[in-house]
Amino acid sequence: MAKSSKMRSTKSGLPPGTPVHLGKQHSTHTEITWYRYNHDSLHRDTFIDQWPTGRNRDSDDLTWIHVQGVHDCGILTALGNDFDLHPLVIEDIANTHQRPKLEDYGDYLFLVVRQVVIRDGSEELFTEQFSVVVGPRFVMSFQEGRDNQLEPFQKRLDNSQSPMRSKGSDYLAYELLDFVIDQYFEILEHFDRIIDEIDDELEMSPSPLVLRKLHDLKRELILFRKSIWPLREVLNHLERSPTALILEPTRPFFRDIHDHTVTMFESLEIFRDLTGSMLELYHTTMSTKMNETMKLLTVTATVFLPLTLITGVFGMNFQHIPGIEWYWAFPMLLLTMGVMAGGMYLFFKKKGWI
Amino acid sequence: MAKSSKMRSTKSGLPPGTPVHLGKQHSTHTEITWYRYNHDSLHRDTFIDQWPTGRNRDSDDLTWIHVQGVHDCGILTALGNDFDLHPLVIEDIANTHQRPKLEDYGDYLFLVVRQVVIRDGSEELFTEQFSVVVGPRFVMSFQEGRDNQLEPFQKRLDNSQSPMRSKGSDYLAYELLDFVIDQYFEILEHFDRIIDEIDDELEMSPSPLVLRKLHDLKRELILFRKSIWPLREVLNHLERSPTALILEPTRPFFRDIHDHTVTMFESLEIFRDLTGSMLELYHTTMSTKMNETMKLLTVTATVFLPLTLITGVFGMNFQHIPGIEWYWAFPMLLLTMGVMAGGMYLFFKKKGWI
Amino acid sequence: MAKSSKMRSTKSGLPPGTPVHLGKQHSTHTEITWYRYNHDSLHRDTFIDQWPTGRNRDSDDLTWIHVQGVHDCGILTALGNDFDLHPLVIEDIANTHQRPKLEDYGDYLFLVVRQVVIRDGSEELFTEQFSVVVGPRFVMSFQEGRDNQLEPFQKRLDNSQSPMRSKGSDYLAYELLDFVIDQYFEILEHFDRIIDEIDDELEMSPSPLVLRKLHDLKRELILFRKSIWPLREVLNHLERSPTALILEPTRPFFRDIHDHTVTMFESLEIFRDLTGSMLELYHTTMSTKMNETMKLLTVTATVFLPLTLITGVFGMNFQHIPGIEWYWAFPMLLLTMGVMAGGMYLFFKKKGWI
Amino acid sequence: MAKSSKMRSTKSGLPPGTPVHLGKQHSTHTEITWYRYNHDSLHRDTFIDQWPTGRNRDSDDLTWIHVQGVHDCGILTALGNDFDLHPLVIEDIANTHQRPKLEDYGDYLFLVVRQVVIRDGSEELFTEQFSVVVGPRFVMSFQEGRDNQLEPFQKRLDNSQSPMRSKGSDYLAYELLDFVIDQYFEILEHFDRIIDEIDDELEMSPSPLVLRKLHDLKRELILFRKSIWPLREVLNHLERSPTALILEPTRPFFRDIHDHTVTMFESLEIFRDLTGSMLELYHTTMSTKMNETMKLLTVTATVFLPLTLITGVFGMNFQHIPGIEWYWAFPMLLLTMGVMAGGMYLFFKKKGWI
Amino acid sequence: MAKSSKMRSTKSGLPPGTPVHLGKQHSTHTEITWYRYNHDSLHRDTFIDQWPTGRNRDSDDLTWIHVQGVHDCGILTALGNDFDLHPLVIEDIANTHQRPKLEDYGDYLFLVVRQVVIRDGSEELFTEQFSVVVGPRFVMSFQEGRDNQLEPFQKRLDNSQSPMRSKGSDYLAYELLDFVIDQYFEILEHFDRIIDEIDDELEMSPSPLVLRKLHDLKRELILFRKSIWPLREVLNHLERSPTALILEPTRPFFRDIHDHTVTMFESLEIFRDLTGSMLELYHTTMSTKMNETMKLLTVTATVFLPLTLITGVFGMNFQHIPGIEWYWAFPMLLLTMGVMAGGMYLFFKKKGWI
């Protein structure tokens, strides 16, 4: 959860600008997929654990390089040199603890966002870094994990009717971003489902387990929020920044995903409010229940302690207890006790305690 | 409630820009009402589940097209093409999970607001999307549901004395917006009524049911707030934006509804504060009551346990208990016990516990 | 309280721009007082339920028209037409649910503030709308209620030495505003008094009544705050706006009342903080008291239950209970029980429970 | 505390611009100390309850007039006329309920700050108004109380080596401000000490007294904060405002005290956070203690009630109770009861309740 | 903790601009290390408790002067005079209660940050002031404590391949800042570890000790936050300020550490949220437990008090108690009591209390 700062200190003491892989290593290999395409043709190449430096990017066609696995700093540096990337860009790609951000290096834009996924069979959220470099005729994307989640996306690219094929690098970047952001909605639905579950449990029988669930939900909301919060600023910049890399016709598309993220943030706010409200409800329900319990206890004690005292009185072994020999004494006393109990019952009934 | 994100993910994986109806389908038909009017004349046509493309809009008269039901993407696309709308506009109209927004596409403004209604026989709030496209001589409005709530509005248009008849498309858009926003006041009164109810119940006998009511009220306030919150920004833009589509004389009217929404937001803030305050009151009342309960229990136990011990002492079967044969022993002991009980009563009375 | 939205919906469905009186009708008549004055002379006229249209305002003298009662839309419209007011201005004057605001219509300023009064014999706050129109040589003021609270103010105007007599319409407007804002300080003192009362009660004996008082105080603070909060912005505009209607020498006066309102807002913030703090104190005091109660109960039970068990043991009817015939058995047992009780007393004393 | 609005309403109804002393009268006399100095010479005069009008201020030397006691409006007006001060300035000096502010009247700056002092033998805070007028060659300072707290400051002025002697009126104003702000640090240390005390008490034995102390601390923090909060804005203006009265070389000094106040605000924020945190700790400690108490009670009742029932059973007077004549019956029963008690003891031990 | 204002008042009354060492004296000596280097050569000198004034800084080589220990105002003043520093700069270096800030004095930048360290064997945080002066060809750094934490940094400088050796004073300043900020990540990991510990304890057995730990954690988070919060503004200024002292190629590096601090702030926010959430969890767990305890008590009392009453009834010494001589009376009664107990057991079972 709060692991985001973990291992960060292993770098403390090293001179800045040294690309070091920080974070868990999610994949064993680095798989680079290289595309060069225009509206009519599309070439693809795949390289495992290597990058053949010198792949000329001076071409009118669009080049897209997708890298799975960012733990091998040598390959990243080679790629970076080929495309004249600033050393800090390579460092940020390798160090997977970045927050979403957009940096304009003049010749290219550097964009970091975070993918959020729920692993199968687990309820826990994981986040992975997704970095994109957008140049005039090339796009580079770097994914931290190894399962190629972009496969459906790549299929779309194969279709020559796809708008991606006829538009520029800015549109490709937009589609990549849209892909990542669409995944967030699954997480939102996951939260929505959990909130509904908890709300139902609260209505029926709030057990301490619900409490733990609520606590865990809160943690995950905090983590998710942290992963996507800076996106707002990033997308706002993409929509409005004066860079020539984003063409005018593409800007409405960035505005569109900007709108989506704003909707997401509002849903998150609502989830947070609801979580707080449910916690309050649990807490107050708890104290209402305790009140009920206390009332029962008090009624019990108030009814039975006096009666027990009376039996104690007549259980004493004094030799001279008036009326003890009277024939009707016992039934009369029972009757008295019954009347007392009934009176107290009515009293508590009237107070609304029973 | 938090359903706003529901089904959103069914679109995940699709290329962007594809108009897909997202959200519940509220109506079985798409009913398009077409008006062309000026101060003197008014023509009207109604089309069910179809749009006769090519209805020339090049006319000095004002054209208003009102669409009920937005699930049929084919019709929407046809309409959009006829009026040269951007594909993202059509997508946003069909996807009914938009937040209120205003987009300036140069030739026309695209405006999304949300209608909030209470269904008869239910206390639950529903929201529906209401989209408006404002062009130089035409207005298009899209309503998600099918009950034509605009009927009284349409009657007003029939009256040739109505200012709508002599003013431009911006004024018509203003009247449409005013119509939607006026409905919100009914919701506010609904909240007002519920808050009064709960406050009365709290004053009399706070039961756990009140708690649930408060929780539900909070949820609905959150939902309503989400639906109208972005309006502030939308109306602010309408009042001040440099677009030529809003004429100078119409701007004060937009400022007027801007003022109304600000009043609404303040009422909502107050409702939220009051809800919080009532929850606090409930909670503290609860713990005050528990305190009362505990005091009664404690008084009971403190009075009766010692007396019971005394009777126990003289109930023991020792053969030599001094004074046990004394004639006045029993009454004397009862007297002592009475004095003890009285003393404790006075003690607790002084402490203010009884 | 939250009545501000009440009745608002009765207007829903009506075309906008129709002046309709919304809100309670506070007066039975509309009383219009007309003044025309300069440094040397002052004319006054009073009209009940009528306005003699055509009273020429083209004069170098200053004209002040004060209207008590805003329920008669006919008279308001007549007045409005005489002075070329925008229909929305008349609508806003008649609809007494406006929030404080300042609108610059070019030829005149339109200003709405709210008077807050405590009715005699009641502790409840009422708010009434006070609207002012400031033109180059005229001022119009509209008061919702009928008791002429401006009387002392009008007397000041009779005095030809008063600065009002020699200054312009902007200064008259300033004096009217200053008059309304000075009344707020009485409300602040009212709150101050109530807070002191509650704080004293809390120190002595916090009863559940205090809780209700606190809750009511909170409601009134919320209402009052709502009535005056937008004033900040209004006065800021008056002080800085580029309008030629406010002369340079008058601006420091507006800055002065701006300062007063800022002080008021700070006092309100403090009242809110104090109310929250007192609620917290009440709550924690309550749970401290409950703790005390519980301790007494626990001590009682822990001391008497074991002793009662012992008497029970020797109260059993077994035929062979060792020592039961021993002469000193009873006193020895009492002694033992006394020692046990003393031991437990010391134990609880040491724990600080008694 | 919230007295700041007290008596303010006594002015309500008076025409604005009338200087009236509002607030407590702290001194019986008005003492005016007049200085005229340059680097080489220094003249001083003291006037009690009078101001010899006409003291020419047209001189190249610097004039400093320090006034103790602001209740005599006549003297203040005389002074004001001599130096051409705006009537609102005199009104603000006499009305000691001002919040800190800076007003630029062109020819001079008017500055209000608040002194905060702890009276000897009391733990309560008092605030007094300190007003400064800074002209091109003169400074006027007005202190509400009568104890001349500026004495050490005046001694510094006697020393001809002091930078005050060779710099202008802006530097003198800076030194006066610095003097007032340095006093705040004593208040901060006072708070710091109280917080440490309360924290220690909380660690040892949280008694209800701590609660009251915390509540009082909160009140004082609120009051102090109110007194100094607007300073931020004041100092920011002094540092950056375009006025020619503050010379360029003096501005870093104002930035320096601006930094000091920012540090102070941060300390105040921390104090507030800590107070909240301590209240929470108290509250939760309380409920932890209650839990402990309840556990003891429950253990006692659960152990002794069943045993008492058993003795009750064998204390009944039935003629045929099996085993009652058996010789070992009594010891066997005692043994059984011991085993039961031991079992329950172990059970609760395991549950961690004892 | 809140010691930051401690001793600050000892300066109150002194004229401003006097350099006085405020804060604890961390070292016994002042150790000055002087470097002059370019890409090819590096000279170093160390001075203990003295500064040989007049060390010419007019050289094309870069000069770095690192000072350990800031309690000796004489040495600091000598250094300041040598480099023409403003007296307020020297005062701020000696007074170790500064908040992080950046001041542009034209010829040089003055920068204050705070080092945060955990002392060995203690869990407490300490902060020390670290001041940097950046001139065109020189850098001066002042460290409050004496342990030379910069040693690894100095070694890096010895390496002539280090980018520091070939870049200017701005880059050296960047490396110094980066060094200080990298240390913060260790503190974040420390917090992370403590939060994990507390969360584990909460899951297992929340004891009151956890509460104290949470409280202490909150205090330390507040302190740490205070130390680093103003950094955001400082780094933002460094990245964007128009000063010529920061060269264009160095600015991305400052942006990089700006990003790091933003990440840190977000982690801190998360820590604060988590701490609040854990406190809530503790509190609610506590009240859930209390509820359990109360239920057990209530069940015990409700089962045993009535049964005890019954035995009391038949323990009374009346001479005529019907059925007392019946042979099966005792077993029948026991059976009845067993059935009653069983019934109540089932009742509570059904209510889910057992």
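Which strand of chain B is largely enclosed by the rest of the structure, and why? The answer is strand β7, residues 138-143: 6 of its 6 residues are buried, so the rest of the structure largely encloses it. Buried here means that 20 or more other C-beta atoms lie within 10 Å of the residue's own, against 12 or fewer for exposed and anything in between for partly exposed, with C-beta atoms placed from the backbone.

Before going on, some housekeeping. This is a predicted model, where local features need pLDDT of at least 70 and side-chain atom pairs count only at pLDDT 80 or more, while totals for chains, interfaces and linings use all residues. Residues are numbered from 1 along each chain as its sequence is written, and chains are lettered from A and ligands numbered from 1 in the order in which they are written.

**Around β7 in chain B**

Both faces of β7(B) are covered. B:F138, B:M140 and B:F142 are buried on one side, and B:V139, B:S141 and B:Q143 are buried on the other. As for the labels, strands are DSSP runs of E with at least two residues, helices are runs of H or I with at least four, and both are numbered from the N terminus.

β7(B) has β3(B), residues 62-68, running parallel to it, joined by 6 bridges; strands count as paired if DSSP finds at least two bridges between them. In that pairing B:V67 sits opposite B:F142. β6(B), residues 125-134, pairs with β7(B) as well, in the antiparallel sense and over 5 bridges, with B:F130 and B:Q143 as bridge partners. The link from β6(B) to β7(B) is a hairpin through 3 residues.

**The sheet, seen in chains C and A**

In chain C, you can follow an open sheet of 7 strands in the order β2-β1-β3-β7-β6-β5-β4, with mixed pairing. The edges are β2(C), residues 42-48, and β4(C), residues 101-104; each has a single partner strand, so one side of each lacks a neighbour in the sheet. From one strand to the next, the twist averages 15 degrees. Helix α5(C), residues 169-204, packs on this sheet and touches β3, β5, β6 and β7 of chain C, its direction making about 25 degrees with that of β5(C). Such angles run from 0 to 180 degrees between N-to-C directions, and axes are lines fitted to C-alpha atoms, for helices over the stretch in contact.

| Strands | Bridges |
|---|---|
| β5(A) and β6(A) | 10 bridges |
| β6(A) and β7(A) | 5 bridges |
| β6(C) and β7(C) | 5 bridges |

A:F130 is worth a look: it stands opposite A:V113 of β5(A) and also opposite A:Q143 in β7(A). The hairpin of β6(A) and β7(A) has 3 residues between the strands. Over in chain C, C:V134 stands opposite C:V139 in β7(C).

**How the chains meet**

Chain A can be laid on chain E with an RMSD of 0.1 Å, using a turn of 72 degrees and a shift of 0.0 Å along the axis. The two copies are thus related as by a five-fold rotation axis. Copies are superposed by least squares on the C-alpha atoms of residues with pLDDT of at least 70 in both. In chain A, the C-alpha nearest the axis belongs to A:G315, at 4.8 Å.

Between these chains, 50 residues of chain A are in contact with 54 residues of chain E, contact meaning that C-beta atoms, placed from the backbone, lie within 7 Å. On the chain A side, α6, α8 and α9 each supply at least two residues, and α8(A) gives the most, with 20 residues. That side has 23 nonpolar, 18 polar and 9 charged residues. The classes go like this: Ala, Val, Leu, Ile, Met, Phe, Trp, Tyr, Cys and Pro are nonpolar, Asp, Glu, Lys and Arg are charged, and the others, Gly among them, are polar.

The contact of chains D and E takes 54 residues from chain D and 50 residues from chain E. On the side of chain D that touches chain E, the largest share comes from α8(D), with 34 residues. The residues of that side divide into 22 nonpolar, 19 polar and 13 charged.

Methods
Two residues are in contact if their C-beta atoms, placed from the backbone, lie within 7 Å.
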